Amino acid sequence: MPLSLHAALVPGWLQVLGSCRGLIDKAEAHCAAHGLDEAELVETRLFGDMRPFKYQIKSCTVHSRLAVEHARSGIAGPDFNSSPETLAALGAQLDDTIAFLEALDPAEFETFFGRDVVFTIPGTDYRREYTAENFLLGFSRPNFHFHATTAYALLRMKGVAIGKVNYLGAWPTRG
Amino acid sequence: MPLSLHAATIPGWLQVLGATRKLIDTARDHCAEHDLPQAELVDARLIEDMLPLKYQIKSCAVHSRGAIEGVRQGTFSPDMTEPPATFAALAERLDETIAFLEGLDPAELDRFIGRDMVFTIGSKFRREFTAENFLLGFSQPNLYFHATTAYDLLRMKGVKIGKGDFLGAMPVKG
């Protein structure tokens, strides 16, 4: 018995997006409890030239919702929109992304198989061609987990009281 | 056109394991170049009470090869073995894991679908899954979590890597 492309991707995205949404609440509670300015967490980085928490959270939307939009159009590229600047705005963006993914029709995903997706970076000659299923499984999915885990790692490094279960979220257990 | 369970998991796992395998060589070279003891990176942590790089790398094997072996038996529990403590031993662990996954028969994974799987910690904690939900909803996020944390640790320590070194060989056409 095979899987649908939707089953291989969307429940896993929703599981971790739900976790990230919970991390935003944990970050808010941490700032309130310690009298911290929330920019302390929103702007935090692992290293001077690495991107901040707000970018990591924005990228969870880019590599799930926008990935599906790219699979639909066949045209993909980096997202140059600025990141939401507050925990409330980051939370709202994740809420929108979750609602978008929950509403997807599994039958639509079946039409993605074999379709071309071309990823280009404007102003450069970077160009990579994928089938839509390989784009989603081999480009979007590892990117998604990369940014979600890095968002978690940033909060963990800053001393927010979280553990790996806060990343893994609601497991798809029986019953 | 549906997807086999193998296609939904194993190529993606091999992609990130291959990238992580290369990160070990990059970390080793970084130590040689900066005259750092290996332990500086092998034992690096994001914060004191978090587990070190060597544990993150070991966990990539636990949540890929270990996950498949768990499904074969119908049961999985946390791995309590000591992580390899040198770059050479960590690399060997990943090489064995990659060879194991490359040797899997897709038909075997198809037979996993619908099979019972239980995750236990000691005698009190018990969660039941179908095998496919265990692999997709437990093992896979764990694998990506530990692989990314390993990358993040090296990045934080100033090793010269970028996201492309995490993404590895992307499945482009041709």
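Reply: Two residues are in contact if their C-beta atoms, placed from the backbone, lie within 7 Å. The model is predicted. By that cut-off, 42 residues of chain B are in contact with chain A, and the number on the side of chain A is 41.

Me: Which element gives the most to the side of chain A that touches chain B?
Reply: Helix 1 (5-34), strand 3 (127-131), helix 6 (132-157) and helix 7 (165-168) of chain A each give two or more residues to that side. By class, the side has seven charged, twelve polar and 22 nonpolar residues. With 14 residues, the element that gives the most is helix 6 of chain A.

Me: Which residues are buried in helix 5 of chain B?
Reply: Helix 5 (residues 87-102) of chain B reaches 22 Å from its first C-alpha to its last, close to the 22 Å expected. Its buried residues fall within an arc of 155° seen down the axis, so they line one face. What covers them includes helix 1, helix 2 (39-42), helix 3 (53-62) and helix 4 (65-73) of chain B. The buried residues are B:Phe87, B:Leu90, B:Ala91, B:Arg93, B:Leu94 and B:Thr97.

Me: Which exposed residues does the face of helix 5 of chain B turned away from its buried side carry?
Reply: The buried residues line one face of helix 5 of chain B. The face turned away from that side carries the exposed residues B:Ala88, B:Glu96 and B:Ala99.

Me: Which residue follows helix 1 of chain B?
Reply: Helix 1 (residues 5-34) of chain B has 30 residues, which should span 44 Å at 1.5 Å a residue. Its end C-alpha atoms are 44 Å apart, which agrees. The residue that follows has a positive phi, near 55°, and is B:Asp35.

Technical notes:
Residues are numbered from 1 along each chain as its sequence is written. Chains are lettered from A and ligands numbered from 1 in the order in which they are written. This is a predicted model: local features need pLDDT of at least 70, side-chain atom pairs count only at pLDDT 80 or more; totals for chains, interfaces and linings use all residues. Helices (H or I, at least four residues) and strands (E, at least two) are DSSP runs, numbered from the N terminus. The expected span of a helix is 1.5 Å times one less than its number of residues. A residue is buried if 20 or more other C-beta atoms lie within 10 Å of its own, exposed if 12 or fewer, and partly exposed in between; C-beta atoms are placed from the backbone. The arc is that of the directions from the helix axis to the C-beta atoms. Ala, Val, Leu, Ile, Met, Phe, Trp, Tyr, Cys and Pro count as nonpolar, Asp, Glu, Lys and Arg as charged, and the others, Gly among them, as polar.
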